[in-house]
Amino acid sequence: MKCIGVLGGMSWESSLSYYQALNRGVRGRLGGLHSARVLLNSVDFAEIERLQHAGDWPATARLLGKAAQSLQAGGADCLLIATNTMHKVADEIAASVDIPLLHIADATALRLIEDGIGTVGLLGTRFTMEQDFYKGRLRDKFGLKVLVPTAAAQARVHRIIYEELCLGEIKEASRADYLAIIGELAAAGAEAVILGCTEIALLVGPEHTRVPLYDTAALHAEAAVAWALDSSS
């Protein structure tokens, strides 16, 4: 079994979901008392969040690049960035190490294609919904059509992520707001919706809507488990 390096802490609420998913995935594949070989570097999210909202992405890349190097030095065989938003600097982080980076958008897109989904809605931070680093990859590499909420809805989604979900706060009113936005995306033609922030699955799940939801953290962890247990990788 290869060792999975995880850049976490962004936020630690979703890093916990990753750790659980990786270990459950390995136990599901191997049984018994098997668990995942994981190295976690959990950064201080307050520093990352400040740089995000200041637009200083090069500084985030340098900070996370150093964290990735520490994972490689510690024996990690691959790298996961346990957050969708920070895949904005995935190329810079990948260039800082010699181990492969398993991209969260790729794991998600492959499952969408496998399920026959061609048009998908995207929820995430404002950075993920507005900018092209994520939806552009889905479009250009995988041929998916990506729909995003209105500007006003994006602002609400973004606020709930940073002011509630990253603090572990789950509110029924926010769930209702997200479900309404998911419904709007479906009405606009989305066959499914990507939960493109790793905290969103803490708030909404398949039990809350008939619209198919794709939990990026779960899919990313599943892809990492498959890679770690594949003797040919």
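Modeller: G5 stands opposite L79 in β3. The two belong to neighbouring strands that pair (DSSP has to find at least two bridges between them), and strands and helices are themselves DSSP runs, numbered from the N terminus, with at least two residues in state E for a strand and at least four in H or I for a helix. This is a predicted model, in which local features need pLDDT of at least 70 and side-chain atom pairs count only at pLDDT 80 or more, while totals for chains, interfaces and linings use all residues. Residues are numbered from 1 along each chain as its sequence is written, and side-chain values use heavy atoms, with hydrogens and water left out.

Strand β1 (residues 4-8) is joined to β3 by 4 bridges, and the two run parallel.

How is β1 covered? Of its 5 residues, 5 are buried, where buried means under 20% relative accessible area, exposed over 50% and partly exposed in between, with a 1.4 Å probe and protein chains only. I4, V6 and G8 point one way from β1, while G5 and L7 point the other way, and all are buried.

A second sheet follows. It is open as well, with 4 strands in the order β5-β4-β6-β7 and parallel pairing. β5 (145-147) and β7 stand at its edges, each with a single partner strand, so one side of each is left without a neighbour in the sheet. Direction ignored, neighbouring strands here are turned by 30° against each other on average. β6 and β7 run parallel and are joined by 3 bridges, and L195 has D215 in β7 as its bridge partner.

Helix α5 (residues 104-114) has I104, A105, D106, A107, T108, A109 and L112 as its buried residues. Among the elements that cover them are α1 (12-30), β4 (119-123), β6 (192-195), β7 (213-215) and α10 (216-229); contact means heavy atoms within 4.5 Å. After α5 comes G116, whose phi is positive, near 80°.

Helix α9 (residues 172-187) holds S174. S174 counts as buried because its relative accessibility is 4%. Leaving aside neighbours within four places in sequence, S174 is in contact with I160, E164 and L203.

The structure holds 2 aromatic pairs; rings of Phe, Tyr and Trp (its six-membered ring) pair if their centres lie within 6.5 Å, with planes under 30 degrees apart counted as stacked, over 60 as edge-to-face and the rest as tilted. F45 and Y162 are stacked, at 6.2 Å centre to centre and 15° between the planes. F45 lies in helix α2 (residues 45-54) and Y162 in helix α8 (residues 151-163), so the pair ties together parts 117 residues apart in sequence. F45 is buried at a relative accessible area of 16%, and Y162 is buried at 15%.

W57 and F127 form the edge-to-face pair, with 5.2 Å between centres and 85° between planes. This pair links distant parts of the chain, 70 residues apart, with W57 in helix α3 (residues 57-74) and F127 in helix α6 (residues 126-130). Both W57 and F127 are buried.

The ring of W57 also has the charged end of K88 over it, 5.4 Å from its centre; a charge sits over a ring if NZ of Lys or CZ of Arg is within 6 Å of the ring centre and within 35 degrees of the ring normal. The charged end of K2 sits over the ring of W227, 5.0 Å from its centre.

Conventions. Axes fitted to C-alpha atoms, helices over the stretch in contact; angles between N-to-C directions.
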